[in-house]
Amino acid sequence: MGVKHGRDYSEILGELTEAVGRISDGYVFFEMEPDEWQELPQESKLEVWEALAEDLFYALGNEPVIEVGSGVVIYDKETHRINILLGEEDLASVLLV
């Protein structure tokens, strides 16, 4: 189903892709080892992050909190945003409206 949004989906996806890419150990979500991740070309890493962002966008509609490596992706219905946290640090927020 995905999360409700009023902004253009491609803009949201671009911002969410960039945000989840900031989680330094996000490759753990894919059950990859650090050396496997490092061996991937940058273009492949970007494709992986975009696929993850797309999956998260739809999954957050049913499961509002999803762990990605040491980060957490949270759908906040009240403020219409997706927050990406690393510990207590707010890495990024993606506005949906």
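Two strands pair if DSSP finds at least two bridges between them. Helices (H or I, at least four residues) and strands (E, at least two) are DSSP runs, numbered from the N terminus. This is a predicted model: local features need pLDDT of at least 70, side-chain atom pairs count only at pLDDT 80 or more, and totals for chains, interfaces and linings use all residues. Residues are numbered from 1 along each chain as its sequence is written, and side-chain values use heavy atoms, without hydrogens and water.

**The sheet**

Four strands make an open, antiparallel sheet, ordered β1-β2-β3-β4. β1 (65-68) and β4 (89-95) are the edges; each has a single partner strand, so one side of each lacks a neighbour in the sheet. Neighbouring strands are turned by 20° against each other on average, direction ignored. That angle is between axes, lines fitted to C-alpha atoms (for helices over the stretch in contact), on a range from 0 to 180 degrees between N-to-C directions.

Strand β2 (residues 71-76) pairs with β3 over six bridges, antiparallel. Six bridges also join β3 (residues 81-86) to β4, again antiparallel. Some bridge partners follow.

| Residue | Partner | Partner strand |
|---|---|---|
| Tyrosine 75 | Isoleucine 82 | β3 |
| Isoleucine 84 | Alanine 92 | β4 |
| Leucine 86 | Glutamate 89 | β4 |

**The hairpins**

Which residue takes a positive phi in the hairpin of β2 and β3? Histidine 80 does, near 55°, and four residues lie between these strands. The hairpin of β3 and β4 has two residues between its strands. There, glycine 87 takes a positive phi near 65°.

**The helix**

Glutamate 47 is placed in helix α3 (residues 42-59).
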